[in-house]
Amino acid sequence: MPTHRGILVAGIGNIFLGDDGFGSEVIRRVPEALAAPGVRVVDYGIRGVHLAYDLLDGYEALVLVDAVPNRGSPGTLHVFTADHDALTADSGLDAHAMDPQAVFASLTALGGAPPDTVVIGCEAANVDEGIGLSEVVEAAVAGAVQAVVDAVAELCARSVVRGG
């Protein structure tokens, strides 16, 4: 039975594929002040199924940090609420998939339900093999760290308002 009602801040991505390591790099720089009671900060890297299992613990909210596809503006940050209804019914457990939709589909396949989710994504410039972020994505990391801090503060405030 789920017992945790806090906020999970999760970085995802593959550090061996250039800008895909964005989520991991942001989590590495998130202030330790967020690692307070009720807030858990984890770099999941490519362990999507591990994230899905951890979400079974009953988190109230998730802040997910990841690279997003390049839509013509590499380095641009996007902060949005995930649309869990967009998950397809035929999606299932995939231990090797790491994109957010695959994580949520795995969670559903495991019998869980995704919590309120804020996604902080950065448009990737380069996801070729290699370690290290491109210059334009590296420049977005500080803004993403602040976006994580802001999202957690807003989620905490909403929790207090709801009586959480």
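Which residues of α3 are buried? The views below take you there step by step.

**View 1. The whole chain, a predicted model.** Five helices and five strands make up the chain (DSSP runs, H or I of at least four residues for helices and E of at least two for strands, numbered from the N terminus). From the N terminus on, their order is β-α-β-α-β-β-α-β-α-α. Of the 164 residues, 45% are buried (under 20% relative accessible area; exposed is over 50% and partly exposed in between, with a 1.4 Å probe and protein chains only).

**View 2. Helix α3, mostly covered.** Seven of the ten residues in α3 (residues 100–109) are buried. Here is the answer to the opening question: they are Pro100, Ala102, Val103, Phe104, Ala105, Ser106 and Leu107. Their cover includes β1, α2 (48–55), β3 (61–68) and β5 (116–123), judged by contacts, meaning heavy atoms within 4.5 Å.

View 3. Glycine 111 follows α3 and has a positive phi, near 95 degrees.

**View 4. The loop with isoleucine 15.** Look between β1 (7–12) and α1 (22–29), and you will find isoleucine 15 in the loop. Isoleucine 15 is partly exposed, with a relative accessible area of 40%.

**Notes for all views.** Residues are numbered from 1 along each chain as its sequence is written, and side-chain values use heavy atoms, leaving out hydrogens and water. In this predicted model, local features need pLDDT of at least 70 and side-chain atom pairs count only at pLDDT 80 or more, while totals for chains, interfaces and linings use all residues.
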